[in-house]
Every structure is written in structure tokens, then in C-alpha cells.
Amino acid sequence: MYKIKSTEQMKEIMGTYFRSLESGSRKVAWCTSVGPAELLRAFGFEVYFPENHGALLGTTRTAMDYIPEAVKCGYSGHVCSYTTADIGAFLKNETPLQKHYGLKGVPAPDILAYNTNQCREVEDWFTFYADYFNCPIVGVQPPRHLDEVSQDEVDLVVEQFKKMIPVCEKVSGQKFDIDRFRETVRLSKEATLLWQQVLRTASAANPPLSFFDGTIHMGPIVVLRGTQVARDYYAALLKELEENVRNGLGVLPEVRTRIFWDGMPIWGRLRMLSDLFAENHAAVVASTYCSSWIFDQFDEHDPWDSTARAYTEIFINRSEKAKMRMLADWFREYHIDGIVYHDSKTCFNNSNAKFGMPQRLQALTGVPALVIEGDLCDMRFFSDGQSITKIETFLEQLEASKIYN
Ligand code: SF4
């Protein structure tokens, strides 16, 4: 059985991170997953990410117990199930962090910081908590759906970032220090470039990491950006994976097809889907989701412009044309035979199958596409039987077309 040994180290790192949130030694900032974590860390905040909590509610399959609580408060069951599951769990004062890490609950925020580069939902979500805790909320609202990001747009986002400073100074009790900011940007840059190299190991003929492994190992790049711990973890993981490639060790004994996953993970069915692809000799080698935490623009010598640009240029914030260019590049880099689009019921923003992209991208690249319906957390929108049949048929067709071509 192939195993990534660094997984144990990653679990320890995540446990230490969660427990540090309630040590009480530092003020706590809540941040969106592609929000201004570097700036918050420069003020010495512990940084907590509600989306990571949403994913935990999804993987533990507890989300459906909580979504109705949020619905009772007026949140539609058709909006982001991270949001509704997280708010519902909070209202019931329950969290998997209690059972898995011994926390009393989620840590109360001293400040909330969002970035709508991914969706407007995060602003609504964080505003619920700002009202509840009566605490300050700051945010960045970059221009969306751009083909290219120009300097004008970067300047606008820099101004928005800088407006956070007085609020962060007041809440943290610390003056802004550009050198501390440079340092967190440097650490984030090093970690994110290592993460990029980690993902790239899956371009090997026998990939040492699948999309499903990636959703687990991405924990530190999401919640510990801007720290030495995250940087060192990805250096160690990369070393292990590169060694596995050299030794011909990979996730499957035999890879017949190479698949790209677009959209959100289906957290409540990760294991089932991982087994399904493996049984059909298909390696899911790359994804838009895991690649969302590659910020290769970070530059500590130009911390404002580079962070503004990095957070504005991310895949989810781009036009369909730009997304298609990025996907076509990934197809070439990872030698992709087929793409599976997860059309997520409650995440319109991270679903790319609604406006004809699968057909257009297939015509452009020749890479066949399959669309499956589901959801990130709310498994009422996912049909096991239907999805399994669709995926198996798609993989059989891909294999057959490779044999006859
Ligand atoms: S991108 Fe989608 S899943 Fe993530 S917070 Fe926004 S709506 Fe929710």
C-alpha cells in the first residue's frame, strides 16, 4: 500500500495550530481562505479560517445536522454550504474541533478580515459573526472576472489593503511594521512555491500525490501561510515525494488515465471517490482547487503590489477566457486525458460548468469532459449511484479512445 509518510507530521502540525488558537496568548483574526493572512500575521494575530472549518464539517459529514439551523435564521439552503453549516454549528455550539482537538469551541474573533476575490458570500458570512460578536470587520473587494489584471486594479486593491492598517493597529495594539510584513510575505512566498512544486510532482508518469491527497496536505498552506512551520512542512513533503518519483513509487500500481478535477471537493465523499478512480486505474493528478493556493507573485521586496496582484489574479477571480487559458496550460503540464467538472449546487463561484466552458474547452484542447452534480458539504445534492455510473462510463470511454487512437 502506497503511503505518504509526511501525513503524520501534517496531522501534528494541524493539531498544534488548532490548539494554539485558544491559548489566549494572542488576539485572534478570522480570515477568508484567500484573504490577507500575511498582513494579519504581521500584526501578531493568530489566524483562524472558517472555510477550513466548513471543510471539516463536510469531511466529518456533520454539515447536514447544522445547515437547517442557519436556514431557520433566514439563510437559504441553496447558498454556500460552508456558510450555512458553519453558522448552524456555531448556533448549536458544536464543532468537530471539540472532538478532534479538544477545543472548547471555535475561537472568538477580535477582528474579521475577508477578501471577495472568491465570492461575495464570504462578506455575508463574516458579517453575521461581526454582528454577533460586535467586533470590527475589514475587507478587500478586488475587481472580478478580469482577462488580465492591470496596474490600475492592483493600485485599487493596495489602497483597500492599506485601509485595514488603522483597524488592525487598534485591535492588536501594535504599530504596523513594514519589515514584519515583508517577513510574512517572504515566508508565504517560500511555502507557496514549495506547494507548487509538491503539486507538480504529480506530472510524473506514476504520480506520488493525487488530488485527494492534495486536499489533505493543503491544510498548512491554507491556515499557516506566512509561518516558518508551513514553509518547512512543504520542504519535507517535497523531498519525500521527489524521492518517491525517483524510486517509481506512486498512488496507483498502474495508471491508465490521467484526470483533472475542476471545482470544489465533495468533502463528504472524498474516500469513496478516491477509491472509485483508483479501482478504475485513473489517477486524478491535478485540480483547480489545490492550485488555488499558489501565489507565485508574492515578493517581499514589493509586498503591497505583489500581494494585491497575487490575490487578484487567482483562478476563481478571473474571466472565463483567462480560466480556459490556465486550464489548457495545466492539461499540457499534467498530460491530462479527461476533466471532471464538479458542478456544485451551493457554490456557484467555484463551478465552471454552467456557461458552456466544458464544450468550449473540449473543442479547444481535445480533452473530453464530464460534469457531475454535487456539493461541497450538503450531500443531499449528491447522488452516489448516478455519479458512480457517470464516472465509470467516462473512464471506460477515455481508456477505449486511448487504445484505439
Ligand atoms: S467560494 Fe464557494 S465554497 Fe468558498 S466560500 Fe465562496 S461560495 Fe462558499
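A residue is called buried if 20 or more other C-beta atoms lie within 10 Å of its own, exposed if 12 or fewer, and partly exposed in between, with C-beta atoms placed from the backbone. Keep that handy for the first two views. This is a predicted model, where local features need pLDDT of at least 70, side-chain atom pairs count only at pLDDT 80 or more, and totals for chains, interfaces and linings use all residues. Residues are numbered from 1 along each chain as its sequence is written.

**View A. His 145 has a positive phi without being a glycine.** Its phi is near 60°. Look for His 145 in the loop between strand S4 (137–140) and helix H8 (151–172); helices (H or I, at least four residues) and strands (E, at least two) are DSSP runs, numbered from the N terminus. Is His 145 buried or exposed? It has 12 other C-beta atoms within 10 Å, so His 145 is exposed.

**View B. His 335 is not a glycine either, and its phi is positive, about 50°.** You'll find His 335 in the loop between helix H16 (320–334) and strand S7 (338–344). His 335 counts as exposed, because it has 12 C-beta neighbours inside 10 Å.

**View C. Helices H9 (residues 178–200) and H12 (residues 228–246) pack at about 20°.** Their axes are 8 Å apart; axes are lines fitted to C-alpha atoms, for helices over the stretch in contact, and angles run from 0 to 180 degrees between N-to-C directions. That angle makes H9 roughly parallel to H12 (under 35 degrees; over 145 is roughly antiparallel, 65 to 115 roughly perpendicular and the rest oblique). Among the residues that meet here are Leu 187, Leu 194 and Trp 195 in H9, and Tyr 234, Leu 238 and Leu 241 in H12. Contact means that the C-beta atoms, placed from the backbone, lie within 7 Å.

**View D. Four strands form an open sheet in the order S6-S5-S7-S8, with parallel pairing.** Strands of a sheet pair through backbone hydrogen bonds, either parallel or antiparallel. Two strands count as paired if DSSP finds at least two bridges between them. At the edges sit S6 (282–287) and S8 (369–374), each pairing on one side only. From one strand to the next, the twist averages 30°.

**View E. S5 (residues 257–262) and S6 run parallel, joined by five bridges.** One to find: Ile 259 has Val 284 in S6 as its bridge partner. H16 packs on the sheet and touches S5 and S6, its direction making about 150° with that of S5.

How values were computed:
Contact = placed C-beta atoms within 7 Å.
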